[in-house]
Amino acid sequence: MDSFLLIAVFAVLLSLPYWLPPLVIRLRMNIFTRINGEEAIQLPGNGFDAEDFKALYAHPAMKGRSKGAALSDLFWYWLSPGPEMHPEHLEQSERYRKLAGFSHKIMAISRKDIESLIDQYQDDPLKLGLGPKSKWTHIRLRDAFMSLWADFFYQVVFKEKCDDKTRKLIVNHAKDVVNALKCVKLRNMRRRKQLTNFLLEKLSLGEFPHTFPDGLTHLEQAHYLQGTFFNTAIVQMSEAMAHLTLVVAQHPDCQERLCDNPDNHYLDDVINESLRLHPLFGIAHRIATETVEFKGKTIPKHTVVCFNYPEYHKLDYDEPTRFDPGRWEKCPIKESNFIPFGVTANRSCPAQGLAMVSMRQLTKHLFRNYRFSSPIVHTRSLPNRGPCLVFSNQSTVNRRLVECIVFPLMKIRDRWEDLFRSIMQLFFGTAMILHAKKLRLCDRYFEKLEKPAFSSI
Ligand code: HEM
């Protein structure tokens, strides 16, 4: 009897990584919904198809970004300090228009100049993140790209080289934000404020080569730069490259073609297919600023409307969950259900051009230098940061042999990490929601804004 019990306990323990993480995720989602108490509509779904998704996303009443949604306090908490200066979360206003125009100005860089900036990393694109090339090593893709993007965006913003100390400061900040957003760690405001102080110093020394729109304090300027270029830019580009590299690592034919000096068309098809399958936004939301009557349905004013990118990107494709860059040869992007950078009519990404050109150039250099391989299940949210083996392309090591030994270990490790991570996410997520509800950053900001003495831009 004792040995039967022992075997049963052992079996339950061993099987934990297979059934506990999905259970914890469901529990976490329930807690999130209960605490936030949102009355949200999800699209596509609820009788809204792909056409409705597009029409509603572009609807003039879908303009609210933060004010009036309980969820906004949480987003502002995650993006602090200075969430009120992040263009993504500003309401339509004079301040928003000026800052959106300013973002476009900083990002107005010619294709040739973007490519030359990326060419700095051509001999060893992962060197800044991993140190000098080794024959083969185990990496986390998202981490491996962060230093490169920190270096790149520092040069985009300040038009000067980035030193090691500054790069580290930016990477620490971006990691802190993305880890809190994914609820794998609590936020660390001390670390984030180190970057704010650094930016404040650069601004007061007059070392920022652009002129800000009038009416912003130095602290507001520092927060704008911190949120847009040293958080969103670094996190989005590192995640985009991590997804792209992981999906290619798991499709050897595609990897061979990329290593073989591919043309830009094929590169774009691969990048687009990666963004279709793994869009960086899971959900983008808007708050209805008016009541909308749409196809016999009523969406009341103040409703939070959630646009689900991964679901939309699956509609009307053959085998939508299959990675198939070739589909783009037959399928014009403009006519497809594909909006990795949002919809032009409603605040799409200002960095689309910069992101596509730099990713394409970096991808060329990446597969000229390395081969990648990974047995890990590839998920959109990538909480494991993309475990992967990377081989220098000059290395003579037997890749198959390494994979036979290391792959099973990587899979076991990933399963167990997933178990512990999902439990930690439950705790950290709940703690941060409660803290955000207590601080009410967004609510308080709008209360204060409505008082007459507040700054006008
Ligand atoms: C592959 C990389 C990227 C992807 C796929 C991406 C995707 C998106 C999407 C889908 C939106 C619109 C979300 C919505 O409708 O609410 C957006 C907005 C935005 N993105 Fe990106 N992004 C990327 C890179 C970047 C970079 C590098 C920057 C900064 C340099 C950036 C800055 C912004 C800003 C400021 C907004 C808010 C625009 C507004 O509300 O006016 N993004 N991005």
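Let's start with helices H10 and H15. H15 covers residues 352-369. Its axis and that of H10 lie 11 Å apart, at an angle of about 45 degrees. Helices here are DSSP runs of H or I with at least four residues, strands are runs of E with at least two, and both are numbered from the N terminus. The axes are lines fitted to C-alpha atoms, for helices over the stretch in contact, and angles run from 0 to 180 degrees between N-to-C directions.

So H10 and H15 are oblique to each other. Under 35 degrees counts as roughly parallel, over 145 as roughly antiparallel, 65 to 115 as roughly perpendicular, and the rest as oblique. The crossing of H10 and H15 is right-handed.

Who touches whom? From H10 we have Met237, Ala240, Met241, Leu244 and Thr245. They meet Ala355, Met359, Leu362, Thr363 and Leu366 in H15. Contact means C-beta atoms, placed from the backbone, within 7 Å. By class, the contact of H10 with H15 has 8 nonpolar, 2 polar and no charged residues. Nonpolar covers Ala, Val, Leu, Ile, Met, Phe, Trp, Tyr, Cys and Pro; charged covers Asp, Glu, Lys and Arg; the others, Gly among them, are polar.

A word on what you are looking at. This is a predicted model, where local features need pLDDT of at least 70, side-chain atom pairs count only at pLDDT 80 or more, and totals for chains, interfaces and linings use all residues. Residues are numbered from 1 along each chain as its sequence is written.

Next partner: H7, residues 141-158. H7 and H10 pack at about 140 degrees, with axes 8 Å apart. That angle makes H7 oblique to H10. The crossing is right-handed. On the H7 side, the contact includes Phe145, Trp149 and Phe153. On the H10 side, Phe229, Phe230 and Ala233 are among the residues. The contact of H7 with H10 divides into 16 nonpolar, 2 polar and 2 charged residues.

His243, Leu244, Val247 and Val248 of H10 meet Val270, Ile271, Ser274 and Leu277 of H12. This contact has 6 nonpolar, 2 polar and no charged residues.

On to the loops. Two peptide bonds to look up are cis. One runs from Leu43 to Pro44, with omega near -10 degrees. Pro44 sits in the loop between strand E1 (40-43) and helix H2 (50-57). Another joins Ser80 and Pro81, with omega about 0 degrees. Pro81 is in the loop between helix H3 (70-79) and H4. Then find Leu382. Its phi is positive, about 45 degrees, although Leu382 is not a glycine. Leu382 lies in the loop between strands E7 (370-373) and E8 (387-392).

Last, the whole chain. The protein chain has 17 helices and 8 strands. Its C-alpha atoms fill a box of roughly 70 × 65 × 50 Å along the principal axes. The radius of gyration is 23 Å, which agrees with the value near 23 Å for a compact globule of 457 residues. That radius is taken over C-alpha atoms, and the globule rule is 2.2 Å times the number of residues to the power 0.38.

Terms used. A crossing is left-handed if the near helix is turned anticlockwise from the far one by less than a right angle, and right-handed if clockwise. Two residues are in contact if their C-beta atoms, placed from the backbone, lie within 7 Å.
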